[in-house]
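Please keep the sequence and the structure in view while reading.

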Amino acid sequence: LGGFLEQMQREQKLIMHCGEVQQDLEYVHKRQERENKMNKGDRSDPQLMMLDELAEELQVLHSSCLLEHYPHWKMDLIEAEDVYIQSPKALSLCVSRLRVKKLE
């Protein structure tokens, strides 16, 4: 009976591992899909549109010399796009951080 239980446990671990691999593959596929859309210029995702609006706002402030306190705003926007590709859910936090830096 002990051998049977050990075999069941091994099979359960294998099933769990296969499920994790499947989730990892789905994540990679979705990430690549987001990156490909961005590379093609497709910015129709509402989160990217929000980021684009912020970029416009920052550009206007920069043109008016009102962002001297925030010299790295363009780099932060690029980083925000990378955050979107990796995890769209985290983008709202990143945008909030950019808005705070804009006000400082």
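## Basis

This is a predicted model, in which local features need pLDDT of at least 70, side-chain atom pairs count only at pLDDT 80 or more, and totals for chains, interfaces and linings use all residues. Residues are numbered from 1 along each chain as its sequence is written, and side-chain values use heavy atoms, with hydrogens and water left out.

## Overall fold

The protein chain has four helices and zero strands, in the order α-α-α-α from the N terminus. Helices (H or I, at least four residues) and strands (E, at least two) are DSSP runs, numbered from the N terminus.

Of the 104 residues in the protein chain, 19% count as buried. Buried means under 20% relative accessible area, exposed means over 50%, and partly exposed lies in between (1.4 Å probe, protein chains only). The protein chain exposes about 7,800 Å², with carbon and sulfur atoms supplying 58% of it; accessible areas come from the Shrake-Rupley method with a 1.4 Å probe, and for residues only the protein chains shown count as cover. A contact means heavy atoms within 4.5 Å. Among contacts in the protein chain between residues at least 6 apart in sequence, 60% join residues at least 24 apart.

## Helix H3

Helix H3 covers residues 73–86, and its end C-alpha atoms are 20 Å apart, which agrees with the 20 Å that its 14 residues should span at 1.5 Å a residue. The expected span is 1.5 Å times one less than the number of residues.

The buried residues of H3 are Trp 73, Asp 76, Leu 77, Ala 80, Tyr 84 and Ile 85. An α-helix has 3.6 residues a turn, so residues three or four places apart point the same way.

## Nonpolar core

A nonpolar core is a set of buried Ala, Val, Leu, Ile, Met, Phe, Trp, Tyr and Cys residues joined through side-chain atoms within 4.5 Å. The largest one here has 16 residues, and Leu 51, Leu 58, Leu 91 and Leu 98 have the most contacts inside it. Helix H2 (46–63), H3 and helix H4 (91–103) each supply at least two residues of this core. H3 gives the most, with five residues.

Leaving aside neighbours within four places in sequence, Leu 91 is in contact with Gln 47, Leu 51, Ala 80, Val 83 and Tyr 84.

## Salt bridges

A salt bridge is a side-chain nitrogen of Lys or Arg within 4 Å of a carboxyl oxygen of Asp or Glu. By this rule the count comes to seven. Arg 43 forms a salt bridge with Glu 81, with the closest N and O atoms 2.9 Å apart. Arg 43 sits in the loop between helix H1 (2–39) and H2, and Glu 81 in helix H3, 38 residues apart. Arg 43 is partly exposed at 23% relative accessibility, and Glu 81 is partly exposed at 25%. Arg 43, Asp 52 and Glu 81 are linked in a network of salt bridges.

Lys 102 and Glu 57 meet in a salt bridge at 2.1 Å, N to O. Lys 102 is in helix H4 and Glu 57 in helix H2, 45 residues apart. Lys 102 counts as buried because its relative accessible area is 15%, whereas Glu 57 is partly exposed at 31%. Lys 101 forms a salt bridge with Asp 76, the closest N and O atoms being 3.0 Å apart. Lys 101 lies in helix H4 and Asp 76 in helix H3, so the pair ties together parts 25 residues apart in sequence. Lys 101 is partly exposed at 25%, while Asp 76 is buried at 8%.
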